[in-house]
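Q: I would like to go through this complex with you. Could we take it one topic at a time?

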Amino acid sequence: MIEHFLVGLALVLGLAGGFLLARGWHRGNAADSGAVHQILLPFTGAEISRRAVDAALRLARAEDATLMPAYLALVPKRLPLECAIPKEADRAMSMLEAIEQRASAQDVPVDARIERGRSYRHALARLLNEETFDRVVVSATATGTAGFSGEDLVWLLEKAPAEVLILRPGPSDHRVVSVNGRSPDSGSPA
Amino acid sequence: MKPPGQQIEGELEHQVAALRRLASVLGATFLVEEHDDLVAAVARVVRERNSTYIMVGESNPPRGFARLRERLPQRLMQATPPGVDVRIVAHRGLKEEGK
């Protein structure tokens, strides 16, 4: 009888030890993999192509990466570059919130940024200088009145120290993630 | 908040720099306080700056003997002057998981 008890106890202890070891190993690996991958998603204005956001999220999920949406804000030359920009920040926060909600639904971690510059390219250059990332996903369409010009995209291809994925949604694809939180075509929350 | 003598370096330095830039964009003041006791340090800053609002992130669930200890929001409420709000910002990802 005592032998059965000892065998059972050894079995339980073995299983518990194995479980703890496996859990520690898994956590270690998760911490290691989470530390390296960042996918930058720079954007301007009050809306961003939903296709670009979804592509960045798919990549982030597939590669176990963190999405870094970055709002590029223009600072007029009459103001210091490092000055506070509450109105722009308010708009940026709304956009970043909309993207974060979308990312959260897909279990993608988000580390958002707001970068200032005299032009979008200048803001992008500052961002490239300050942050490290493995991929850049950018929308080629200038949605609304703001956006990247073709020259900005060529500049990004030349300067970005990472893989660059430029997405150009089809002419009929007007789906966006926007400040007002709704997509114009589907009526579903963005 | 950091323990006295601890260096801010590596990934932490990067995150602190990003927070500092964000504070600058928002027009907020970014402080790095050295103290061994988080609650005491927060209470001191609140008194010095006449703050009326404290926002903290969601804590990890306590383990072991930490379960017996009073939770951070309660300790902040007790350590700060009357009239100071303490607000806990939930982790949105955890909210999605709980659905």
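Q: How are H2(B) and H3(B) oriented to each other?
A: This is a predicted model, in which local features need pLDDT of at least 70, side-chain atom pairs count only at pLDDT 80 or more, and totals for chains, interfaces and linings use all residues. Residues are numbered from 1 along each chain as its sequence is written, while chains are lettered from A and ligands numbered from 1 in the order in which they are written. H2(B) and H3(B) are oblique to each other; angles under 35 degrees count as roughly parallel, over 145 as roughly antiparallel, 65 to 115 as roughly perpendicular and the rest as oblique.

Q: At what angle do H2(B) and H3(B) pack, and how far apart are their axes?
A: The angle is about 40°, and the axes of H2(B) and H3(B) (residues 72-79) are 9 Å apart. Axes are lines fitted to C-alpha atoms, for helices over the stretch in contact, and angles run from 0 to 180 degrees between N-to-C directions. Helices (H or I, at least four residues) and strands (E, at least two) are DSSP runs, numbered from the N terminus.

Q: Which residues make that contact between H2(B) and H3(B)?
A: H2(B) contributes B:Val39, B:Ala40, B:Val42 and B:Ala43, and H3(B) contributes B:Arg75, B:Leu76 and B:Ala79. Two residues are in contact if their C-beta atoms, placed from the backbone, lie within 7 Å. The contact of H2(B) with H3(B) has six nonpolar, no polar and one charged residues. Here Ala, Val, Leu, Ile, Met, Phe, Trp, Tyr, Cys and Pro count as nonpolar, Asp, Glu, Lys and Arg as charged, and the others, Gly among them, as polar.

Q: What span should H2(B) have?
A: The 12 residues of H2(B) (residues 38-49) should span 16 Å at 1.5 Å a residue, and the end C-alpha atoms are 16 Å apart, which agrees. The expected span is 1.5 Å times one less than the number of residues. After H2(B) comes B:Asn50, with a positive phi near 55°.

Q: And what about H1(B), how many residues has it?
A: H1(B) has 16 residues and reaches 23 Å from its first C-alpha to its last, close to the 22 Å expected. B:Gly27 follows H1(B) and has a positive phi, near 80°.

Q: What is the overall pattern of chain B along the sequence?
A: Chain B follows α-α-β-α-β-α, with four helices and two strands. Its C-alpha atoms fill a box of roughly 35 × 35 × 30 Å along the principal axes.

Q: Changing topic: how many residues of chain B are in contact with chain A?
A: Nine residues of chain B are in contact with 12 residues of chain A. On the chain B side, H1(B) (11-26) and H4(B) (92-97) are the elements that give two or more residues. H1(B) provides the largest share, five residues. By class, that side of chain B has four nonpolar, three polar and two charged residues.

Q: Where is confidence lowest in chain B, and where highest?
A: Confidence in chain B is lowest in H4(B), at a mean of 58, and highest in H2(B), at 95. The scale is pLDDT, the predictor's confidence in each residue, from 0 to 100. Chain B has a mean pLDDT of 88, and 92% of its residues reach 70 or more. For the complex, the predictor gives an ipTM of 0.74 and a pTM of 0.75.

Q: What does chain A average?
A: Chain A averages a pLDDT of 80, and 77% of the residues score at least 70. Residues 183-190 of chain A stay under 50, and the model has 17 contacts for them beyond four places in sequence.

Q: Within chain A, how do H4(A) and H5(A) cross?
A: The axes of H4(A) (residues 120-130) and H5(A) (residues 150-159) come within 10 Å and cross at roughly 15°. That makes H4(A) roughly parallel to H5(A).
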